[in-house]
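Welcome! Please have a look at the structure first.

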Amino acid sequence: MAKPKIGFIGLGIMGRPMSKHLINAGYELVVYDIVEASVNEITAAGASAAGSCKEVAEQADVIITMVPDSPDVEAAALGENGIIEGISEGNYYIDMSTIAPSVAVSVGEKMAEKGVLCLDGPVSGGDVGAQNATLSIMVGGEEDAFNTIKPIFDIMGNAVLCGPLGSGQIVKACNQVLVAVTIAGVSEALTLGTKAGVDPINIVKVLGGGLARCGVLENRGERMVNGDFDPGFRIRLHYKDLNIIMKTGNDYQVPLPVTSVVHELFNTAMVQGRSELDHSGLLTVLEDLAGIEARTKQ
């Protein structure tokens, strides 16, 4: 298709840099968010603003949502003044949020009744990946639709077609299992080493060069031992994802014993009022259990 006009709904920590990459690549954007400051930032970068999700859909050929949770997607896509009220037959709807796979399928089915082509495309890489356009994009949907939209995905990161609609959300659930378990493992390693007398920055440096190297150490390790938990991806959002994961495991009769323990650690962080910390702030829960702060002296 000729270069389409893109509608972008959801201009949070992830959506703002993602939309800016599209503007910088020469796409015409119309945007909507309930936070006026976020809209102003993106319109200053070259986008136009709409007053509702419906208005975005009326003006765009491809509509992307990047919102927090399943109910937010349902409201934006199917609610009053939602996308479905304004989108035209033959246009594309891509949800890049992280939601329940069943919701991705049900929203897609309702859009299909109107002749809309749908993809689910949740992402991994956090705020750093969004800023650097290096997101891993996990896509579910028809191959022809994926091939049409892939040039847009390529502006924001690397996209892989995982299977039919909903498959992107399944793979994202797998991703969030691994990230959550890894954060917990890194947190345990840092508290163990620190309590035994090792400066935790040295633990980060050494482990980052061996088999234990991972994205959590690379992107969050130094920040964790400096006590910097400014949110790139908030604890409450990862806890939301873990709730989806536990339900999905139950739906498919897949035991998730390790994930269930980490789910409870995230629940502890929520109960302790740490929901707005970066998800690497799970370290503070393990620090409390160990009775020490894993902070570098360097």
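How do the residues of the lining of the largest cavity divide into nonpolar, polar and charged? They divide into eight nonpolar, one polar and two charged. Ala, Val, Leu, Ile, Met, Phe, Trp, Tyr, Cys and Pro count as nonpolar, Asp, Glu, Lys and Arg as charged, and the others, Gly among them, as polar.

This is a predicted model, in which local features need pLDDT of at least 70 and side-chain atom pairs count only at pLDDT 80 or more, while totals for chains, interfaces and linings use all residues. Residues are numbered from 1 along each chain as its sequence is written, and side-chain values use heavy atoms, with hydrogens and water left out.

**Helix 6**
- Helix 6 spans residues 101-112; helices (H or I, at least four residues) and strands (E, at least two) are DSSP runs, numbered from the N terminus.
- From first C-alpha to last, helix 6 reaches 16 Å, close to the 16 Å expected at 1.5 Å a residue (1.5 Å times one less than the number of residues).
- Its buried residues are Pro101, Val103, Ala104, Val107, Gly108 and Met111, where buried means under 20% relative accessible area with a 1.4 Å probe, protein chains only.

**Cavities**
- The whole structure holds two cavities of 30 Å³ or more; on a 1 Å grid over the protein atoms alone, a cavity is a set of points where a 1.4 Å probe fits but cannot get out, and lining residues have an atom within 4 Å of a point.
- The largest cavity contains about 70 Å³ of space, a volume being the space filled by probe spheres set on the grid points, which are joined across faces, edges and corners.
- Among the residues lining the largest cavity are Ala104, Val107 and Gly108.
- The second largest cavity, of about 40 Å³, takes four lining residues from helix 9, its largest share.

**A pocket**
- The second largest pocket has a volume of about 180 Å³; a pocket is an open set with protein on both sides within 12 Å along at least five of seven lines.
- Its lining has eight nonpolar residues, two polar and no charged, and helix 9 gives the most, with four residues.

How values were computed:
Buried < 20%, exposed > 50% of the residue type's maximum accessible area, 1.4 Å probe, protein only.
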